[in-house]
Amino acid sequence: MSPKKEYLAPFVNLIRDFTENKLTGTQFETEYNKLFMNDQSPTTDREFEILDGLFADVDDYTSDPELRARVGGLDDDELRARAKRRLDRLIELVRQPPFAS
């Protein structure tokens, strides 16, 4: 990871752990919310869009199948798939040169 993007490492690592099935959806929900809400790093607009989008996905997640059946929402597999897509986008941004548009 580029030294200028080290502030993204906690997000990348957490999301990667979840997409590699090292965390349940509930564990990821707790840890991601904590990380996102307490992070003070100066992200770019594109980085924030990805991280905030995942925050919305996490908000849409529910581990309770009965509640999910009544009100909708994402299950573990759906959240994991969305997290993987956002992780891929985040890694793509990290690999770009600093002044790429």
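## Contacts along the chain

In the protein, 63% of the contacts with a separation of 6 or more are between residues 24 or more positions apart. Here a contact means heavy atoms within 4.5 Å.

Before going on, please note that this is a predicted model, in which local features need pLDDT of at least 70 and side-chain atom pairs count only at pLDDT 80 or more, while totals for chains, interfaces and linings use all residues. Residues are numbered from 1 along each chain as its sequence is written, and side-chain values use heavy atoms, with hydrogens and water left out.

## Helices and overall shape

The protein has five helices and zero strands, in the order α-α-α-α-α from the N terminus on. The radius of gyration is 14 Å, close to the 13 Å that the globule rule gives for 101 residues, so the protein is as compact as a globular protein of that length. Helices (H or I, at least four residues) and strands (E, at least two) are DSSP runs, numbered from the N terminus. The radius of gyration is taken over C-alpha atoms, and the globule rule is 2.2 Å times the number of residues to the power 0.38.

Along the principal axes, the C-alpha atoms fill a box of roughly 45 × 25 × 25 Å.

How many of the 101 residues count as buried? The share is 34%, where buried means under 20% relative accessible area with a 1.4 Å probe, counting protein chains only. The accessible surface of the protein is about 6300 Å², and carbon and sulfur atoms hold 49% of that; these areas come from the Shrake-Rupley method with a 1.4 Å probe.

## Rings that meet

Now for the aromatic side chains. Rings of Phe, Tyr and Trp (its six-membered ring) pair if their centres lie within 6.5 Å; planes under 30 degrees apart count as stacked, over 60 as edge-to-face and the rest as tilted. The protein has six aromatic pairs by this rule. For Phe11 and Tyr32, the ring centres are 5.9 Å apart and the planes stand at 65°, so this pair is edge-to-face. Phe11 belongs to helix α1 (residues 9–19) and Tyr32 to helix α2 (residues 25–38), 21 residues apart. Both Phe11 and Tyr32 are buried.

Phe18 and Phe28 make a stacked pair, 4.3 Å centre to centre with 10° between the planes. Phe18 is in helix α1 and Phe28 in helix α2, so the pair ties together parts ten residues apart in sequence. Phe18 is buried at a relative accessible area of 0%, and Phe28 is buried at 0% too. Ring pairs join Phe11, Phe18, Phe28, Tyr32, Phe36, Phe48 and Phe55 into a cluster.

Methods. Buried < 20%, exposed > 50% of the residue type's maximum accessible area, 1.4 Å probe, protein only.
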